[in-house]
Amino acid sequence: MAISLWKNLLQTTKERLLQQRRMSLYNGAHGYEEELIKKKLKQFAGGSINLSKEDNGIGILTLNNPKLMNAFTGTMMLELQERVTELENWKDGKGLIIYGAGDTFCSGSDLNAVKAISNSQASSDKN
């Protein structure tokens with residue numbers, strides 16, 4: 001009986017923690033408007049984040065933007081958020097390998113996207 005209660009408590013706690021982690025990083029409490037950020041990020045297209053889940057429980061996440069040395073674009077940032085959520089819900093997952101397509105892991109981020117987000121944040125601070 002005690003073991004069953006303990007397992008239920010652990011499962012409930014785990015579910016709550018995952019729920020908290022899924023809450024948006026860009027929520028209103030920090031002065032960010034999530035939909036505005038997503039809209040800005042979508043303007044910077046290119047590349048992709050690919051995920052394959054192997055039968056042995058190993059996931060392979062590929063940063064796929066070799067023309068720009070796998071620099072993150074706005075759409076890649078949004079796709080990464082989706083892939084992370086997918087991995088959090090993968091019951092059979094045991095590990096993850098992350099690599100970049102081509103000869104480079106990741107050269108950083110599309111600075112144009114970062115600048116656009118920063119400018120939208122500065123604009124909303126003035127209002």
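Two strands count as paired if DSSP finds at least two bridges between them. Helices here are DSSP runs of H or I with at least four residues, strands are runs of E with at least two, and both are numbered from the N terminus.

This is a predicted model, where local features need pLDDT of at least 70 and side-chain atom pairs count only at pLDDT 80 or more, while totals for chains, interfaces and linings use all residues. Residues are numbered from 1 along each chain as its sequence is written, and side-chain values use heavy atoms, with hydrogens and water left out.

Start with the sheet. Strand β2, residues 58-64, pairs with β3 in the parallel sense over 6 bridges. Within that pairing, isoleucine 60 has isoleucine 97 of β3 as its bridge partner. The sheet is open and has 3 strands in the order β1-β2-β3, with mixed pairing. β1 (48-53) and β3 (95-100) are the edge strands, each with a single partner strand, so one side of each has no neighbour in the sheet. From one strand to the next, the twist averages 20 degrees.

Now the helices. Which strands does helix α3 lie across? Helix α3, residues 74-88, lies across β1, β2 and β3, and runs at about 20 degrees to β1. Axes are lines fitted to C-alpha atoms, for helices over the stretch in contact (heavy atoms within 4.5 Å). Angles run from 0 to 180 degrees between N-to-C directions.

Last, the whole chain. Of 127 residues, 25% are buried, meaning under 20% relative accessible area with a 1.4 Å probe, protein chains only.

Definitions and conventions. Buried < 20%, exposed > 50% of the residue type's maximum accessible area, 1.4 Å probe, protein only.
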